[in-house]
Amino acid sequence: MKGEKDLEVLVRCLEPVLNAGTFVFCTTKTSNIVPFDQIVASIRETEGTTLILDQRVADNYNLKYHYKAAWITLKVHSSLDAIGLTALFSDCMAKHAISCNVVAGYYHDHIFVAEKEALKAIEVLKEFSKNYSS
């Protein structure tokens with residue numbers, strides 16, 4: 001099943017959903033410290049492996065973190081080679097002074113925002129989707 005590439009359709013169908021929980025970004029030199037099924041996302045960097053985890057998982061493994069985030073999933077099935085979606089919604093978030101960290105999955109884009117900004121971010125994204133015109 002291929003994802004959507006049409007920018008107009010993508011934005012109109014964003015459907016942002018707030019996932020339950022508090023999520024944190026941790027870094028470790030040992031990527032197998034946390035079982036795979038407990039990792040939300042990971043990326044290997046020269047300095048170490050970044051793990052995005054539920055805060056409870058990070059606490060359970062005594063991993064340090066400095067940023068508590070809310071996890072928003074955009075329910076639209078975006079194509080990995082769609083052009084412009086990330087730029088548009090991140091610009092919109094910036095205009096509302098909301099920092100966002102984006103992770104692309106095979107089916108959906110995922111946005112991590114400061115936990116205290118979660119509800120504001122959902123409303124901004126819904127309003128952006130509703131009022132978008134190219």
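Trainee: Why is D81 called partly exposed rather than buried or exposed?

Mentor: In this predicted model, D81 has a relative accessibility of 47%, and since buried means under 20% and exposed means over 50%, the value falls in between, so D81 counts as partly exposed.

Trainee: What makes the contact of D81 with K5 a salt bridge?

Mentor: The side chains of D81 and K5 meet at 3.3 Å, N to O, and the cut-off for a side-chain nitrogen of Lys or Arg and a carboxyl oxygen of Asp or Glu is within 4 Å, so the pair qualifies by that definition. D81 sits in the loop between β4 and α3 (85-95), whereas K5 sits in the segment before α1 (7-12), and the pair links these distant parts of the chain, 76 residues apart. K5 is given as partly exposed at 49% relative accessibility, because the band between 20% and 50% carries that name.

Trainee: How many salt bridges does the structure hold, and what is known of the side chains of E8 and R12?

Mentor: The structure holds four salt bridges, and one of them joins the side chains of E8 and R12 at 3.4 Å, N to O, which meets the requirement of within 4 Å. E8 and R12 both belong to helix α1 and stand four residues apart, about one turn of the helix. E8 has 28% relative accessibility and counts as partly exposed, and R12, with a relative accessible area of 38%, is also partly exposed.

Trainee: Why are D91 and K95 said to be separated by about one helical turn?

Mentor: D91 and K95 are four residues apart in helix α3, and therefore about one helical turn separates them. Their closest N and O atoms are 3.1 Å apart, and with the limit set at within 4 Å, the contact is a salt bridge. As for accessibility, D91 stands at 38% and counts as partly exposed, while K95 has a relative accessible area of 65% and is exposed, because the line for exposed is drawn at over 50%.

Trainee: What makes the pair of F23 and F112 edge-to-face?

Mentor: By the rule for ring pairs the count comes to seven aromatic pairs. F23 and F112 form one that is 6.4 Å centre to centre with 70° between the planes; the centres must lie within 6.5 Å and the planes must be over 60 degrees apart, so both conditions hold and the pair is edge-to-face. F23 lies in strand β1 (residues 16-28) and F112 in strand β6, so the pair ties together parts that are 89 residues apart in sequence.

Trainee: How do you know whether F23 and F112 are buried or exposed?

Mentor: F23 has a relative accessible area of 4% and F112 a relative accessibility of 1%, and as buried means under 20%, F23 is buried and F112 counts as buried. Ring pairs also link F23, F25, Y67, W71 and F112 into a cluster.

Trainee: Why is T28 called buried, and what contact does its side chain have?

Mentor: T28, which lies in strand β1, has 11% relative accessibility and so counts as buried, the limit being under 20%.

Note on methods
Residues numbered from 1 in each chain as written. Predicted model: local features only at pLDDT ≥ 70, side-chain atom pairs only at ≥ 80, totals over all residues. Heavy atoms only, no water. Phe/Tyr/Trp six-rings, centres within 6.5 Å; stacked < 30°, edge-to-face > 60°. Helix = DSSP H or I, 4+ residues; strand = E, 2+ residues; numbered from the N terminus. Buried < 20%, exposed > 50% of the residue type's maximum accessible area, 1.4 Å probe, protein only.
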